[in-house]
Amino acid sequence: MRAALVRVYIQAGQLAAAERHIAVLTETPAVSAHDRELSAALLECARGEWVEAGERLRRIVAEDAGNYAVRP
């Protein structure tokens, strides 16, 4: 649920609020590593940190070979 809130805040341009929720995500063991990494990548995109976001997104894809939504 919190990962969804991160996306909403990013879409609304509320990056500081998104950062606060990402901080909680990183401390919550029940949240999957995928959700934490994807949230961080989306925030990096919103900040214009393209290199960092690209590297993080490539790692996400490489680690989840069964995710057919991201495969060509």
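This is a predicted model: local features need pLDDT of at least 70, side-chain atom pairs count only at pLDDT 80 or more; totals for chains, interfaces and linings use all residues.

**Notes on the helices**

I started with helix α1 (residues 2-11), where the buried residues are Ala3, Val6 and Ile10. They cover an arc of only 50 degrees around the axis, so they lie on the same side of α1.

What do the buried residues of α1 pack against? I found α2 (15-27) and α3 there. Just after α1, I came across glycine 13, which has a positive phi of about 80 degrees.

Next I picked histidine 21, which sits in helix α2. Buried or exposed, I wondered about histidine 21? Its relative accessibility is 14%, and buried means under 20%, so histidine 21 counts as buried. I skipped its neighbours within four places in sequence and found histidine 21 in contact with Arg2, Leu5, Val6 and Tyr9. Val6 is also on my list of buried residues of α1.

Then I turned to helix α3 (residues 33-47) and helix α4 (residues 50-63). Their axes come within 8 Å and cross at roughly 155 degrees. Angles over 145 degrees count as roughly antiparallel, so α3 is roughly antiparallel to α4. I noted the crossing of α3 past α4 as left-handed.

Which residues meet there? From α3 I wrote down His34, Glu37, Leu38, Ala40, Ala41, Glu44 and Cys45. Facing them in α4 I have Trp50, Glu52, Ala53, Arg56, Leu57, Arg59 and Ile60. Sorted by class, this contact of α3 with α4 has eight nonpolar, one polar and five charged residues.

Key. Residues are numbered from 1 along each chain as its sequence is written. Side-chain values use heavy atoms; hydrogens and water are left out. Axes are lines fitted to C-alpha atoms, for helices over the stretch in contact, and angles run from 0 to 180 degrees between N-to-C directions. Helices (H or I, at least four residues) and strands (E, at least two) are DSSP runs, numbered from the N terminus. Angles under 35 degrees count as roughly parallel, over 145 as roughly antiparallel, 65 to 115 as roughly perpendicular and the rest as oblique. A crossing is left-handed if the near helix is turned anticlockwise from the far one by less than a right angle, and right-handed if clockwise. Contact means heavy atoms within 4.5 Å. Ala, Val, Leu, Ile, Met, Phe, Trp, Tyr, Cys and Pro count as nonpolar, Asp, Glu, Lys and Arg as charged, and the others, Gly among them, as polar. Buried means under 20% relative accessible area, exposed over 50%, partly exposed in between (1.4 Å probe, protein chains only). The arc is that of the directions from the helix axis to the C-beta atoms.
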